[in-house]
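The following exercises concern one protein chain, shown below. Please work through each task before reading its solution.

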Amino acid sequence: QVQLVESGGGLVQAGGSLRLSCAASGSFFRINVMGWYRQAPGKQRELVAQITSGDTTNYVDSVKGRFTISRDNAKNTVYLQKNSLKTEDTTVYYCLGRGTYINGLPFDSWGQGTQVTVAS
């Protein structure tokens with residue numbers, strides 16, 4: 001089992017900043033990709049940003065230049081620095097960890113979600 005615990009969500013004014021964190025724990029060999037997704041009510045979950053163990057990053061166009069994803073491999077933790085927040089960034093953000101167990105089997109593990117609300 002792999003557990004992902006998110007923190008850092010909350011209420012912020014438009015134009016402000018927040019930093020989300022997600023720490024992975026449990027029995028696994030390696031986490032290759034860590035990412036952040038978001039899901040608004042009635043919509044599909046969408047990728048916001050992801051980062052590989054080699055620090056290759058990928059962002060959805062709507063957050064490029066505003067959000068920065070980073071990770072600390074030693075701590076199995078991924079961060080999402082969110083600047084210049086807009087009201088449309090309001091939703092629940094989920095952390096994803098994708099890797100392999102010690103036995104070689106792959107896994108996808110999700111966090112419980114953290115609410116981000118951007119007020120106008």
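For the charge exercise, Lys and Arg count as positive and Asp and Glu as negative, while His and the chain ends are not counted. The place of a charge is taken as NZ of Lys, CZ of Arg, CG of Asp or CD of Glu.

The model is predicted: local features need pLDDT of at least 70, side-chain atom pairs count only at pLDDT 80 or more, and totals for chains, interfaces and linings use all residues. Residues are numbered from 1 along each chain as its sequence is written, and side-chain values use heavy atoms, with hydrogens and water left out.

**Exercise 1. Charge**

Determine how far apart the mean positions of the positive and negative charges are.

Solution. The protein chain carries 12 positive and 8 negative charges. Their mean positions are 1 Å apart.

**Exercise 2. Secondary structure and overall form**

Solution. Helices (H or I, at least four residues) and strands (E, at least two) are DSSP runs, numbered from the N terminus. Along the principal axes, the C-alpha trace spans about 50 × 25 × 20 Å.

**Exercise 3. The disulfide**

Which cysteines form a disulfide, and are they buried or exposed?

Solution. A disulfide is a pair of cysteine sulfur atoms within 2.5 Å, and the count comes to one. The partners are Cys-22 and Cys-95, with sulfur atoms 2.1 Å apart. The angle about the S-S bond is -85 degrees, and the link is left-handed. Cys-22 belongs to strand β3 (residues 18-26) and Cys-95 to strand β9 (residues 91-100), so the pair ties together parts that are 73 residues apart in sequence. Buried means under 20% relative accessible area, exposed over 50% and partly exposed in between (1.4 Å probe, protein chains only). Both Cys-22 and Cys-95 are buried, and buried residues make up 41% of the 120 residues.

**Exercise 4. The surroundings of Val-5**

Which residues is Val-5 in contact with, leaving aside its neighbours within four places in sequence?

Solution. Val-5 lies in strand β1 (residues 2-7). Contact means heavy atoms within 4.5 Å. With neighbours within four places set aside, Val-5 is in contact with Ser-21, Cys-22, Ala-23 and Gln-112. The C-alpha atoms of Val-5 and Thr-114, which are 109 residues apart along the chain, are separated by 9.4 Å.
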